[in-house]
Amino acid sequence: MTDITKDAMMPPRSFLSQDAIQVFYRLLAALLICAVLAVLSDSFLSLGNILNVLRQASLTFFIASGLTLVVLTAGLDLSVGANVALSACIAGTVIHKTGSPALGILTGLACGGLVGLLNGIMVTALRIPSFIATYGMLWVLNGLTYWYMAGETLHGFPAGFRQIGSGYLFGLPIPVYLLLVFLGIGTFFAQRTVWGQEIYAIGANPIAARLSGIPVARRLLLVYAVSGTMAGLASIIFLSRLNSAEADIGESLTLPAIAAVLIGGTSLFGGVGTVFGTFIGALILTLVLNGMNLLSVSANWQPLVTGIIVILAVWLDMKTRRRAQ
Amino acid sequence: MSDALPVEVTTPTPLLELRGISKEFPGVKALDDVSFAVYPGEVHMLLGENGAGKSSLMKVLCGAYRADAGEFYYKGDKVAISSTADAQKLGIAVIFQEFSLVPHLDIAQNIFLGREPGGRIPGTIDRRKILTDAKRVLDAIGFDIDPSTTVDKLGVAQQQMVEIAKAISQNARILVMDEPTAALSDRETELLFALIARLKADGVSIVYISHRMAEVFALGDRITVLRDGRRIDGVKPADVTPDQLVRMMVGRNVDMTYPRSFADKPGELLLEVKGLSAATGISDINIEVRRGEIVGLCGLVGSGRSEVARAIFGADPVTSGEIIFDGKAISGEPDLAARRGIALIPESRKSEGLALLRSVSDNLVVSALRKLFPSGLFDSRSAQRTSDALIRQLRIATPSARQTVGLLSGGNQQKVVIGKWLAAGSKLFIFDEPTRGIDIGAKSEIFALIDRLVAEGAAALMISSEQIEICHVCDRAYVMREGRIAGHLARNELTEENIVRLGIHHA
């Protein structure tokens with residue numbers, strides 16, 4: 001028996017795709033958390049609370065979904081939070097100056113996308129590791145935003161614009177609709193388009209991807225631009241929900257978004273993960289924080305719990321995911 | 001239980017003897033009741049196809065794996081090898097194919113890594129003593145080099161010498177070498193053989209793993225053949241022919257002459273390289289490849305063969321010259337070359353050819369995504385169908401298209417790399433060492449495949465260090481030396497001797 005025939009006799013190891021299995025585990029975990037919270041707290045299962053959880057999860061998800069694509073290529077975008085802040089402040093100014101929410105929304109998305117594109121150029125043309133390029137960008141954006149706002153707060157936007165973040169349609173918050181739409185688009189893009197497949201291939205082995213004829217640099221540009229644009233979208237939701245913008249609103253956004261991506265099962269080494277997983281990651285993160293609020297646990301414990309969940313999730317991933325040599 | 005000793009019973013006590021060694025992994029019996037003896041001062045060749053158990057046996061020998069069953073005897077006394085420390089104490093050292101040297105440290109530091117002689121002040125290292133000791137060891141193996149040279153400045157052959165020096169400095173009595181000549185030039189191979197003779201004379205025993213028949217007969221005092229984890233036979237080189245050995249390894253008759261149906265006359269010009277130079281060290285390369293041809297690209301390792309392949313494919317930037325493919329000039333990134341119909345099957349399959357963690361199907365369609373799905377919408381079922389067809393066509397042995405490609409054997413992985421370019425409909429296939437690390441059975445399958453490709457109107461440019469393969473398979477060949485084309489050999493001039501003559505610099 002040669003090793004050629006031996007391979008054929010090996011048991012098939014993946015009838016279900018590994019991604020599907022990982023997502024399934026996560027759904028179970030989310031349901032388990034829900035069950036525990038439903039038992040421990042009377043108010044958890046109230047409609048108002050559930051909608052609240054979904055709305056909060058949607059904010060994290062918008063940022064994290066674009067970030068997921070970056071992480072799938074084995075990159076990282078640390079500038080998303082700072083990008084949200086700058087985009088929100090610029091979009092807010094445009095709305096104030098022109099009175100046109102539509103123009104403001106476009107400016108916010110364009111600003112986010114442009115920042116993402118610059119990240120992409122640093123990573124591809126200048127070959128700066130994404131971790132460092134976007135970390136530098138974080139500081140640059142913070143600097144710009146603080147200079148631009150000069151300590152001011154933008155406040156008070158048209159009622160129609162505020163509907164985006166705080167309005168309801170058929171009893172559901174509008175951000176939840178947006179969440180479903182972008183979950184659908186993100187999943188479709190990653191799983192059902194050639195570009196999505198190429199992004200997975202790049203993350204799995206960038207050298208092999210290039211030598212297989214994938215235009216790696218162009219795809220990376222796209223991915224960082226998408227991540228930036230999603231930050232721009234998040235900035236609009238933020239602006240509309242808070243009805244105000246300050247220079248420091250982005251500072252608490254980046255790390256939770258990364259947490260959602262990791263809890264969602266996307267590997268920092270690239271090539272493995274799903275947008276749907278990131279949605280569940282954002283959901284788990286929000287559920288836990290929501291549960292702690294309902295159970296009157298001090299908010300001071302939240303970072304610690306988040307950290308433990310991230311470590312647990314990644315550790316379980318590594319245990320369940322077989323590694324081919 | 002098998003107490004049966006290997007062939008000889010009249011010879012003196014073996015230096016090291018393994019009896020009835022078994023090692024099982026989930027689903028695979030890697031070693032099954034293997035007995036094996038090494039006598040002082042002999043070169044013991046270990047033969048077998050990939051997956052036959054050579055690596056496992058080697059790892060048991062050096063204590064990296066613990067045998068599930070079996071006994072070890074050192075000079076007749078029963079011993080235990082259950083850790084690498086045990087093996088080191090018995091004087092067993094392994095020179096792996098992938099060296100374990102630290103590139104930024106110098107030769108002396110590498111030789112004494114972890115055993116540095118202390119200086120006068122505790123915690124410091126006696127630098128002078130390290131250098132003199134290293135020099136002594138290097139002299140002992142006849143390697144004339146300054147021990148303060150950093151390792152990353154050394155070539156493969158020199159790094160190998162450092163590994164050997166390191167082993168000798170640890171009083172190794174049994175040296176296990178895993179395909180030591182795989183990355184060496186002929187000249188370097190000669191030096192290595194001379195060193196082996198010297199070590200033998202000093203009473204060092206060598207366990208030598210090789211795929212190359214010529215070496216087996218040139219060096220071996222004794223041959224052990226493994227197949228499917230079992231010891232098939234132990235023989236002396238004088239008592240067997242190469243064909244007999246191959247039969248033992250494969251367990252069936254294998255045609256060692258590769259199949260090739262040479263075309264009567266070559267087709268139209270497909271690739272024309274004119275005066276190509278690149279910063280990677282190649283200059284003024286002129287190459288022509290016609291449809292229906294397999295053109296060899298030979299020369300020593302490091303002569304620039306892979307660099308030519310990469311430059312044609314757009315993987316390295318070109319500084320001057322022209323590449324004309326299918327009548328049109330081409331310059332740019334690999335994605336352009338791939339779209340125009342050029343395929344590169346790179347030398348290191350695992351790091352450059354495949355996404356090991358992804359499925360066979362993912363890897364098979366990756367280069368054909370835009371051809372299969374011109375709308376940009378990916379359909380996994382359609383990808384699966386394409387993959388299934390390729391798996392059947394190439395006879396890729398895998399339980400399903402969803403299997404992780406990293407779990408396949410080298411031969412099947414190589415078929416996947418070729419398959420992705422078949423899916424893409426490539427016209428020119430550039431093979432860089434297509435048969436490296438592939439067993440004999442898979443080799444002839446790969447050559448049959450290449451033959452079929454060119455018979456159907458494609459063309460191939462093939463880099464190989466196995467001159468015999470070039471001679472058997474190619475219509476003609478270019479020979480490279482120091483980054484330039486040193487000469488061209490037509491079919492009737494294509495002999496190993498001519499390749500070597502052109503490839504070696506005559507000062």
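Predicted model: local features only at pLDDT ≥ 70, side-chain atom pairs only at ≥ 80, totals over all residues.
Student: What should the 26 residues of helix α3 of chain A span?

Tutor: An α-helix has 3.6 residues a turn, so residues three or four places apart point the same way. Now the case here. At 1.5 Å a residue, α3(A), residues 47-72, should span 38 Å. The C-alpha atoms at its ends are 35 Å apart, which agrees.

Student: Where is the kink in α3(A) centred?

Tutor: On F61(A), with a kink of about 30°. After the helix comes A74(A), whose phi is positive, near 70°.

Student: Is L90(B) buried or exposed?

Tutor: L90(B) has 22, so it counts as buried. L90(B) sits in the loop between α2 (84-89) and β6 (92-95) of chain B. Beyond four places in sequence, its contacts are Y74(B), V79(B) and I81(B). The C-alpha atoms of L90(B) and A80(B) are separated by 9.9 Å, at 10 residues apart along the chain.

Student: What is the strand order in the open sheet of six strands in chain B?

Tutor: Strands of a sheet pair through backbone hydrogen bonds, either parallel or antiparallel. Here the pairing is mixed, and the order is β16-β17-β18-β13-β19-β20.

Student: Why is one side of β16 and of β20 of chain B left without a neighbour in the sheet?

Tutor: Both stand at the edges, each with a single partner strand. From one strand to the next, the twist averages 20°.

Student: How many bridges join β13 to β18 in chain B?

Tutor: Four, and these strands run parallel. G296(B) has M462(B) in β18(B) as its bridge partner. Helix α18 (residues 496-503) of chain B packs on the sheet, touching β13, β19 and β20.

Note on methods: Residues numbered from 1 in each chain as written. Chains lettered and ligands numbered in written order. Helix = DSSP H or I, 4+ residues; strand = E, 2+ residues; numbered from the N terminus. Expected span 1.5 Å × (residues − 1). Bend = angle between axes of the 7 residues up to and from the residue. Buried ≥ 20, exposed ≤ 12 C-beta atoms within 10 Å, placed from the backbone. Contact = placed C-beta atoms within 7 Å. Pairing = 2+ DSSP bridges. Axes fitted to C-alpha atoms, helices over the stretch in contact; angles between N-to-C directions.
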